[in-house]
Amino acid sequence: MKPLIRIGAGSAWWGDRVEPARLNAERGDLDYLCFETMAEATISAAQVRSRRDPSFPGYDTYLDDRMRAVLPACLKRGTKIVTNQGWINPRGAAERIVHWLRECGAPRGMKVAAVDGSLITDRVLELTDRILENGKPTSTLRDTLVSAEVYQGAEPIVDALKQGAHIVVSGRVADPSIFMAPMMYEFGWDALDHMKLGAGNGIGHLMECGAQVTGGYFADPGFKDVPDPWNFAFPIAEVSPDGSAVLTKVAGTGGAVNLQTVKEQMLYEVHDPANYLTPDVVVDFTTARLEQIGPDRVRVTNLSGKPRTPTLKVSIGCTEGYIGEDMFFYAGPGALRRAQLAKRILEERFKIVQLDAEEVRIDYLGLNAIHGAMTPADAPEPYEIAVRVAARTRTREEAIKVGREVDGMAVSGIGMTGKRVPHQDRTREIIGVWSSLVPREKIVPSLSFYEV
Amino acid sequence: MKVMLQHVAHARSGDKGNTSNICVIAYSEALYPYLRDQLTAERFKAHYAGVVKGPVQRYEVDGLWALNFVAQDALGGGVSRSLCLDNYGKSLSARVLAFELEIPDRLAGELRGPRN
């Protein structure tokens, strides 16, 4: 058994920067490089796109960019890769990765594994009972259902590594599990060893958001300053067989790894910190001990866990109508009074054109568009204001009315209105995401292997 | 003395569906008890009135000097349905920085950031 493994993050979401992944591959001295590329609605959005666009391959649209950036260095160092870039087509992604491996001169016989089994759209209404958010039967989603996927754990990835995969590409897998799978494989952790898995999944949780633990989503000038915030690195975890780890990053980069960045990330998107549910284990963050042991080096020990639950979470995407959205601008003395009249005009126009909306929101961006009703009554009037309007509707035809009424503000509006030329579609389809639970034993992952 | 929370603690918000969690972490161990005693779930909810529409649950993580607030019905129906420009509620954590706390004068040296 290795006394220590080095795991680096390659991405924290689909749109993440590619250069820090290359940097980790080239200078991180990594045993594993792990990519997380999905948000809650990613799978459903991919399903919608693939129905409309037959040329969409169904995996991460940045797969080529990411693989070209990291494969040369990963092959040189022998760094293995675990990634959820497969989205709705892990096997297609695996074949594409084999293509790039060949381009980079990988040795014949090198294996890429695809993990399937997460997509249960066809069976979801039989396998699930209630919607977690509102308690209604999942069968009420029958007519609007786009896609359903189970959050799988680390086990199928571990199996793929055991069968010799150098790169493992999956569909939906719980984010921390992507990072924990190498620990389970290298250290021989049992899938039911909840203390080890609690620690491993906790480390995975700290890694899954990439730069959010190395200084990203953190800086606040004068309060929380971060060096060179234009040059963040993605994190590296030096993990020991007992599940303790040191979090760090490539030297000479911007950002920081300190107690504050680690604490903020530890609780990010967590509800009960003593019971963080994942497919592999229930993580307890409350026992954790953190220690700054050097510049940009934080030791994390004593994370713990509790036995996993008998169910897995299912994410169910449904079409739920449309949002129409646009904005226009005022500046100088009286910007707010003109914006207020513009709001009134829109409200009256929406009555005249009989806009059929579930909700309409008209904000003054610069004053109350972000914090809404929490904006203090005595907030100072800004010099510039955008009037931003959005409506949620059942049909696209209704959503289009929002932009069309904003068009009218050009020559039929009020004085000194700044307007954009309508250069893009100002409507978008809503894919609502609901959750449910499925018995663990009903989900059987499958592995496919591809060779260079 | 009365100070804004931003001098006492830092915060980060995250989203899951229509629920926002906002963690609030004291800058020092000495400041943490004042944060824990004064920033209750009820006061937190009142401070977010108009945006947080559901119940607020508070979790304490004493070892991290941290409070984690879980606010339901806080994201306009959920990330994909929300009409708010900041549909993930990433900037919601900034609101708690304006909460006012009473801190003993002897802890002035523990406070962060410029004060007027």
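Here is a short chat about how some features of this structure get their labels.

User: What kind of model is this, and how are things numbered?

Analyst: The model is predicted, so local features need pLDDT of at least 70 and side-chain atom pairs count only at pLDDT 80 or more, while totals for chains, interfaces and linings use all residues. Residues are numbered from 1 along each chain as its sequence is written, chains are lettered from A and ligands numbered from 1 in the order in which they are written, and side-chain values use heavy atoms, leaving out hydrogens and water.

User: Why is the pair of A:Phe187 and A:Trp189 called tilted?

Analyst: Rings of Phe, Tyr and Trp (its six-membered ring) pair if their centres lie within 6.5 Å; planes under 30 degrees apart are stacked, over 60 edge-to-face, and the rest tilted. These two are 5.7 Å centre to centre with 45° between the planes, so they pair, and the label is tilted. The structure holds 8 aromatic pairs over all chains. Also, A:Trp13, A:Trp14 and A:Tyr62 form one aromatic cluster.

User: What makes B:Arg81 count as sitting over the ring of A:Trp434?

Analyst: The rule wants NZ of Lys or CZ of Arg within 6 Å of the ring centre and within 35 degrees of the ring normal. The charged end of B:Arg81 is 4.3 Å from the centre of that ring. A:Lys313 lies over the face of A:Tyr151 too, at 5.2 Å from the ring centre.

User: Why is α7(A) described as largely enclosed?

Analyst: Buried means under 20% relative accessible area (exposed is over 50%, partly exposed in between; 1.4 Å probe, protein chains only). In α7(A), 12 of the 13 residues are buried, so the rest of the structure largely encloses this helix. Among them are A:Ile178, A:Phe179 and A:Met180.

User: Where does helix α7 of chain A bend?

Analyst: At A:Ala181, by about 25°, and A:Pro182 follows within four residues. The bend is the angle between axes fitted to the seven residues ending there and the seven starting there. Helices (H or I, at least four residues) are DSSP runs, numbered from the N terminus, and this one covers residues 175-187.

User: What makes a space a cavity?

Analyst: On a 1 Å grid over the protein atoms alone, a cavity is a set of points where a 1.4 Å probe fits but cannot get out. The count comes to 1 cavity of 30 Å³ or more. The largest cavity has a volume of about 50 Å³, meaning the space filled by probe spheres set on the points, which are joined across faces, edges and corners.

Terms used. Helices (H or I, at least four residues) and strands (E, at least two) are DSSP runs, numbered from the N terminus. On a 1 Å grid over the protein atoms alone, a cavity is a set of points where a 1.4 Å probe fits but cannot get out, and a pocket is an open set with protein on both sides within 12 Å along at least five of seven lines; lining residues have an atom within 4 Å of a point.
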